[in-house]
Amino acid sequence: MTELVHDAWVIAVKDLTIEFRTRSAFLSAVVFALLAIVIFYFAWDPTAVAAGDLAPGVLWVVFTFSGLLGLHRSFGIEHEERAIDGLVASPILRESIFLGKAIANLVFVIAVQAIAIPAIALFYNLDFGAASLPIAGVAILAAIGVVTVGTLFSAMASNTRLAELLLPMLSLPFFVPIVLPAAQATAKLLSGRPAIEAMSWLKLLVAFDLVFVVACTLAYPFTLEE
Amino acid sequence: MNHTNGVVVEANSLVRRFGPHRAVDGVDLSLHPGESLAVFGPNGAGKTTLLRLLAGLLKPTSGFARIDGVTVPGGALVRRRIGIISHHTLLYDALTARENVEFAARLYRVDDPRSSALSALERMGISERADATVRSLSRGMKQRVSVARAMVHGPSVVLADEPFTGLDASGSRALAGILSELRESGATLIVVTHNLEEGLSVATRVAVMHRGRIVHAAQTGDVDAAAFPAEYRDLVGAV
Amino acid sequence: MKATPLSISAAAAVAIALVRVIFFTPYEMRQGAAQKIFYIHASSAWVAFLAFGLVGLASALYLWLREERLDRIAEASAEVGLIFMTVVLISGPLWGKPIWGTYWTWDARLTLSLFLWFIILGYLVLRGAIDDRAMRARYSAVLGILAALLIPFVHLSVYLFRTLHPMPIIAKPSAPSLPSQMLVTLIMMFVAFTLMYVALLRARYRLAVARDEAAEAYHA
C-alpha cells in the first residue's frame with residue numbers, strides 16, 4: 001500500500017513537472033473556462049433569469065468540459081516515445097501508474113477550478129459568503145469523480161484510432177451523476193440554504209467517488225498492451 | 001538458484017500472434033549468466049516482439065518466458081533485475097536528461113537517485129548536457145540518455161532493441177564498453193540488431209530470426225552465413 | 001439473417017402479438033388507442049435492459065475467463081439492445097404526446113433510457129475504433145463493467161432530481177393493475193420480443209464469428 005502511494009506520487013510529480021514546464025494544457029483549459037463563462041452569460045436573457053440561478057449550471061458544465069481538455073494530454077506524453085513501456089517494465093504496480101496520473105490530473109483540474117470559480121463569482125456578481133467552503137468541498141468531490149473516470153477513458157481513448165474524439169463521448173454520460181448532484185448542491189448552498197439540505201446530493205457524490213476510484217484503479221491494468 | 005540450473009533467461013515454445021499473424025512462432029531460448037545473445041534478422045522477423053515478450057510487455061499466446069525461473073512479467077524482484085533499451089527512447093521530451101534518468105531511478109528504488117542518475121549519464125559521456133531538456137538533444141544524445149536510463153539501477157538482465165541506433169563512434173564505444181563490462185560481471189544480455197558488426201562485437205552467441213522462428217543459432221565465431229535467409233544474407237553481406 | 005426455426009417462430013410470435021394488440025385488446029378507458037403503444041414500449045424496454053444486463057455480465061466474465069465467445073456475445077447484445085432501446089426512445093414520446101401533451105418529458109425512466117442509449121452508442125463507437133481483437137475485447141469489457149456500475153448512479157440522481165423538483169404529471173404512464181385481457185397481451189408481447197431478441201442475438205453472434213473467421217482465412 002505504501003509502495004503504491006509512493007510510486008503513484010513519483011509519477012504524479014513527474015507529470016506535474018512536465019505540465020508546469022510546458023503549461024500548454026493548463027493555459028488552454030483556463031482560457032477555455034473563462035471564455036465559456038463569458039459566453040454562457042449572453043446565452044440567457046439577464047432580465048428574465050437571475051445570474052445567480054444560472055451560475056451553478058454554468059459552473060459545472062464549464063468545469064466538466066475544461067477538465068476534459070487536460071485529461072487527454074495525460075497519456076499523450078506517455079505514448080510519444082513509448083515511455084509507458086518504461087513504466088510497465090519497471091518494478092512498480094500497474095495500478096500506481098493510474099493513481100499517479102489521476103493525482104496529477106486532479107491537481108490540474110483543481111487548479112483550473114481555483115481560477116474558474118472565482119471568475120464565475122466575479123462575472124455573475126455572486127457572493128459566496130459563508131457558502132465558500134462547502135462549495136469548495138463540492139468542487140473537490142466532483143473533481144475526484146471527473147478525474148478518475150476521465151483518466152481511465154483517456155488511457156483507453158489514446159490507444160484507439162479516434163483518440164481525443166472518443167474521450168468526451170465515453171466520459172460525458174459518466175459525468176451525469178457528478179454534474180447533476182454538484183449543480184443541485186451548489187444551487188442549494190448559493191441560495192443560502194443550510195448545508196444539511198445538500199446532504200443527499202453530497203452522499204451521492206461521495207458514493208460515486210468511492211465506487212469509481214476503486215473500479216477504475218482495478219480496471220486500468222486491462223487497458224495496457226498485453 | 002539451483003532450481004533454474006543456472007538458466008537466467010528462458011523461452012519455451014514461445015508464440016505470439018497479433019490477430020491471425022504469428023509474429024513469434026515457437027522460439028526456445030536458454031541463456032546463462034555471462035552469456036550474451038545477438039539476435040539478427042530482417043525487418044518483421046519478430047525480433048522486437050520476442051524482446052517485448054521477454055520483458056513482460058506482451059503476453060505470449062502460448063508457451064512461456066522466464067527470468068530467473070519466474071514467468072514474466074513476474075513480481076517487483078524480477079523486474080528490478082531487467083533493463084530495457086527500446087528503439088524508442090522511453091524518455092519524456094519536456095524533462096531534462098537528469099530528470100528522466102532520476103525518475104527511472106526512483107521507480108527502481110535506487111538509493112540516492114540523483115547521484116546515481118548523474119553517474120549513469122557520465123558513463124554514457126553525456127553528463128555535460130544533464131540539465132538540457134531531452135527535446136533539445138540530438139538523436140544520438142537521446143540514445144545515450146536512453147541507455148543511461150536503462151542502466152541506472154544496475155540490471156543483471158539487459159534486453160536491448162537496436163541499442164546502437166543513432167549513436168556515433170564514441171557513443172557506440174561507450175555502449176559496447178558498458179555491455180561488455182556487464183557481461184563480464186555475470187549479467188545476461190540479449191541484443192536485437194540488424195547490424196552484424198555491432199551485434200558480434202558484444203555477443204557470445206548468435207541467433208538469426210526469420211518469420212517468427214530462430215532459423216540459425218551458433219556461438220560467435222562459427223556463424224554460418226549460408227544458414228541466413230536469402231533476403232537477409234544480401235543485407236548483412238559476407239560474415 | 002438466415003431463416004431458422006428460431007427466427008421464424010420469433011417473427012411469427014411478434015406478428016401474432018401485434019395482431020392481438022391491435023384487434024383483440026380493448027381500448028384503455030382514458031388513454032384510448034394511444035395506450036396500445038405501451039405494449040411495444042414496455043416490452044422493448046424490458047428487452048433493452050435485458051440486453052444491457054447481458055453486456056455487463058459477458059464483459060465481467062470476459063475479463064475473468066478471456067473467452068472470445070463472451071466478447072462476441074457482448075458485441076451482439078449491445079448492437080441488438082441499441083435497436084430495442086431506440087424503439088423505447090421513439091415509442092415513449094409517441095405515447096407521451098397524447099397523454100402528457102408533450103413529446104419529451106424528463107421522466108426518470110425515460111431519462112435513464114436516454115443515457116443508456118448514449119452509453120451503448122459510445123460502446124459501439126469504441127469497438128469500431130480499435131483494430132486489434134484482443135484489445136477491443138478488453139477495452140469494451142472495461143467500459144461494459146463501468147457502465148453497469150454507472151446505471152444505479154444515473155438512476156438515483158435522476159430520481160432525486162425528480163423528487164426534489166416535482167413536475168406536473170397528468171397521467172402516470174404505468175399500469176399497476178391491468179385488466180386481465182390487457183395483461184395477457186402484455187405478456188405475449190414480452191415473450192414475442194424476447195424471442196425476437198434471442199433470434200437477433202444469435203444471428204448477430206454468428207455474423208461476428210464469420211467475420212473473424214474470414215479475417216483469419218485472409219491472413220493465413
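1. Let me start with a single residue in this predicted model. B:Asp112 is exposed, with 11 other C-beta atoms within 10 Å; the cut-off for that class is 12 or fewer. B:Asp112 sits in the loop between α3 (97-107) and α4 (113-123) of chain B.

2. Is A:Arg82 buried, exposed or partly exposed? With 18 other C-beta atoms within 10 Å, A:Arg82 is partly exposed, because a buried residue would need 20 or more and an exposed one 12 or fewer.

3. While you are checking backbone geometry, please look at the cis peptide bond in chain B. This bond runs from B:Val72 to B:Pro73, with omega near 5 degrees. B:Pro73 belongs to the loop between β5 (70-71) and α2 (76-80) of chain B.

4. Next, strand β9 of chain B, residues 205-210. This strand is mostly covered, as 5 of its 6 residues are buried. One of its partners is strand β3 (residues 36-40) of chain B, which pairs with β9(B) in the parallel sense over 4 bridges. To find this pairing in the viewer, go to B:Val39, whose bridge partner in β9(B) is B:Ala207.

5. Strand β9(B) also pairs with β10 (residues 213-219) of chain B, here in the antiparallel sense and over 6 bridges. B:Val206 stands opposite B:Ala218 of β10(B). The hairpin of β9(B) and β10(B) has 2 residues between the strands, and B:Arg211 in this hairpin takes a positive phi near 45 degrees.

6. Now to the contact of chains A and B, which takes 21 residues from chain A and 25 from chain B. On the chain A side, the elements giving two or more residues are α1 (2-22), α3 (51-80) and α4 (83-89). Helix α1(A) has the largest share, with 7 residues. By class, this side of chain A divides into 8 nonpolar, 4 polar and 9 charged residues.

7. Chain A also touches chain C: 24 residues of chain C are in contact with 23 residues of chain A. On the chain C side, α4 (108-128) and α5 (133-164) are the elements that give two or more residues. Which of the elements gives the largest share? That is α5(C), with 15 residues.

8. A few words on chain C as a whole. Chain C has 6 helices and 0 strands, so its elements, counted as DSSP runs from the N terminus, read α-α-α-α-α-α. Along the principal axes, the C-alpha trace of chain C spans about 65 × 45 × 25 Å. Of its 220 residues, 39% count as buried. Among contacts in chain C between residues at least 6 apart in sequence, 79% join residues at least 24 apart.

Conventions:
Residues are numbered from 1 along each chain as its sequence is written. Chains are lettered from A and ligands numbered from 1 in the order in which they are written. This is a predicted model: local features need pLDDT of at least 70, side-chain atom pairs count only at pLDDT 80 or more; totals for chains, interfaces and linings use all residues. Two residues are in contact if their C-beta atoms, placed from the backbone, lie within 7 Å. Ala, Val, Leu, Ile, Met, Phe, Trp, Tyr, Cys and Pro count as nonpolar, Asp, Glu, Lys and Arg as charged, and the others, Gly among them, as polar. Two strands pair if DSSP finds at least two bridges between them.
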